[in-house]
Amino acid sequence: MIRFLLKGLVRDRSRSLFPLLTVIAGVSLTVVGYSWVRGTESELLHASAAFSTGHVKVAPRGAAAESDTASSELALDHAGALVGGLRRRHPSLGWTPRIRFGGLLDVPDEAGETKVQAPVAGLAVDLLSSGSPEPRILNVGRAIVKGRLPAMADEVLVSDQLFGRLGLRLGETATLISTTRFGSVATANLRIVGTVRFGVSAVDRGALLADVTVIQRVLDMDDAVSEVLGFFPDQIYRDPEARALAEAFNAAAASRPAPADPDLAAVMRPLRDDPGLATILDLTAVLTRALIAVFVFVMSIVLWNAGLMGSLRRYGEIGIRLAVGEQKGHVYRTLVAESLMIGVAGSIAGTLAGLAVSYYLQEHGVNIAPFLKNASMLISDVLRARITPGSLVVGFVPGVLSTLLGASISGAGIYRRQTARLMKEFEA
Amino acid sequence: MRCPPWIVAFALPWLAGAQAPSGDAILARVDANIGSDNKVTLARMVVEGRGVTRTVESRSWVRGMSESFTEYLAPPRDRGTKMLKLGDQLWTYFPESDRTIRISGHMLRQSVMGSDLSYEDLMEDPRLTALYTARIAGEEAHRDRPCWVLELTARKPGIAYQSRRMWIDKARDVALREDRYAKGGKLLKTTDVLEIERIGTRWVAKTVVFKDVLKSGQGTRFELVSIEFDATIPEHVFSKAMLRK
């Protein structure tokens, strides 16, 4: 029977071509759309985790409330013991201390006086320890544009943009002017040994990357850091796991005596709780669901319409089949079975076409840097699609379902045909 | 005897002026009280931070209205830092990095030694009449002293504070309280004089609390430990060479 129906579909293309093309177009668009949204979400999560939030972040309560400030006033004391404790209790995660700081980079002339200066967004990470996870997390090796990685405490990297803007030379010494955690002015002469470009506009505009030990000394942050970030070993964020970890840490911290200033108490927060990020991730989830719902709805209407047109065109054929004694139910089932075949074939072809386009977008991406000139959001300049297991089913299932739904609604007209009037209809 | 009406008409504005001087006239008296002679001061700045209070001590040599040299004496972290102001130029020497940094552009908005004052505040012309026009907004008592309330509006754009509201002691010609506003009307800074003292013929604010409204913390208390008017200051003090000495 299936073979019989299949032959009918292949030989009578007017019966199958339009619904097939509709399903292919709809399914491929859904696959591309879904993969694109997943890719954007992934880029956003990756950039935010690497540069700001980690998969979990331990920070002073006051800093967590202020979100993105780079004030060294709020710091975690006894950082060595804190990081050691986290590594001991949660060895599967990579834990790394960081200091975020703001300041100015002042470049001297031959006489040692200010030649040019610019604001910098400083990030102090563990660059010098052997076995530090930071070079891998930040992908520093790949981000180097000129020069080399720092090998000594007073050596730093600056963003390639800043390097060009200040007219710096590799090996040149510039002075960092910042504020200690106690409010004094802090200055330090730092040697620029390399430039970096991370492909994240918000970072590449004016980043200064230094080893955490030198910045601790300069900002009077002896054994203190701004935050400790935790990363899952496979670099993939898992919200339930991160949330459970944060809840356990915060419960344990609550049972210990609180510091004199409650704003300095250490709290752990999963990546998803970052105020800016949570909204975007929620929006992404809604967008994905809306995309699929709209696809199923629109496709069902289009295919219903196609079914109705097919029924009109096949009005005579169905009438003859009923006249020779075929049951209405059987006719209806064959129409639905035909649509199922079209749906499966169209969904497979559409998924393959969608995957091909998604793969191209995953490999090449789309450069959105011109739109991010003044953006503060941590997102990659090149947005890419990302093929996930979901990409395989996200178009396929609705593709088949909408075809079935369309045929089921339009095919219901068969039951309204009156057998007694068939001969009269044929005479006409 | 009845006074002729033309005499009343002529004298009334003069009589009214005698009772309520113009805002600009009051401001000129405030400027005159500050004076433009040479001064040597020893001052203390108490900065209330998050759980930490820092006391910054400095000695300043001031020549006229636009030249000054300041050396920071304490705390140890800031000792040896020096600041030279010559007209509209400002340099700071940091012994920690052995660098003389010219304060301009982005740095003007930065805090001076972690206080609630910015370098822009230091660079401002102390003669308020040169920067603002004033009108009397009312009369109020501040800390039991009768004051004129003046509303100051910048004479030209580009001044750090577009407008100010000042409470001027009627008898002493000294500002007891001040609110400074941005162009959009947002309150940026407040000052509150806690103590004034008569030194020679002038009234001098001895203790003032500066508060940057946009910053957390309790503000910065400025205490004038000593002041010497008409001081003799050697010429070489106001040179860049002094910064590294």
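**Exercise 1.** Among contacts in chain A between residues at least 6 apart in sequence, what percentage join residues at least 24 apart?

*Solution.* Start with the term: two residues are in contact if their C-beta atoms, placed from the backbone, lie within 7 Å. For chain A, the share is 80%.

Before going on, note that this is a predicted model, in which local features need pLDDT of at least 70, side-chain atom pairs count only at pLDDT 80 or more, and totals for chains, interfaces and linings use all residues. Residues are numbered from 1 along each chain as its sequence is written, while chains are lettered from A and ligands numbered from 1 in the order in which they are written.

**Exercise 2.** Find helix H13 of chain A and compare its span with the expected one.

*Solution.* Helices (H or I, at least four residues) and strands (E, at least two) are DSSP runs, numbered from the N terminus. H13(A) covers residues 328-364, which is 37 residues. Next comes A:Gly365, with a positive phi near 65°.

**Exercise 3.** Work out why B:Val208 counts as buried.

*Solution.* First, locate B:Val208 in strand S12 (residues 202-212) of chain B. Next, recall that a residue is buried if 20 or more other C-beta atoms, placed from the backbone, lie within 10 Å of its own, exposed if 12 or fewer, and partly exposed in between. B:Val208 has 21 within 10 Å, so it is buried. Leaving out residues up to four places away in sequence, B:Val208 touches B:Thr191, B:Asp192, B:Val193, B:Leu194 and B:Phe222.

Terms used:
The expected span of a helix is 1.5 Å times one less than its number of residues.
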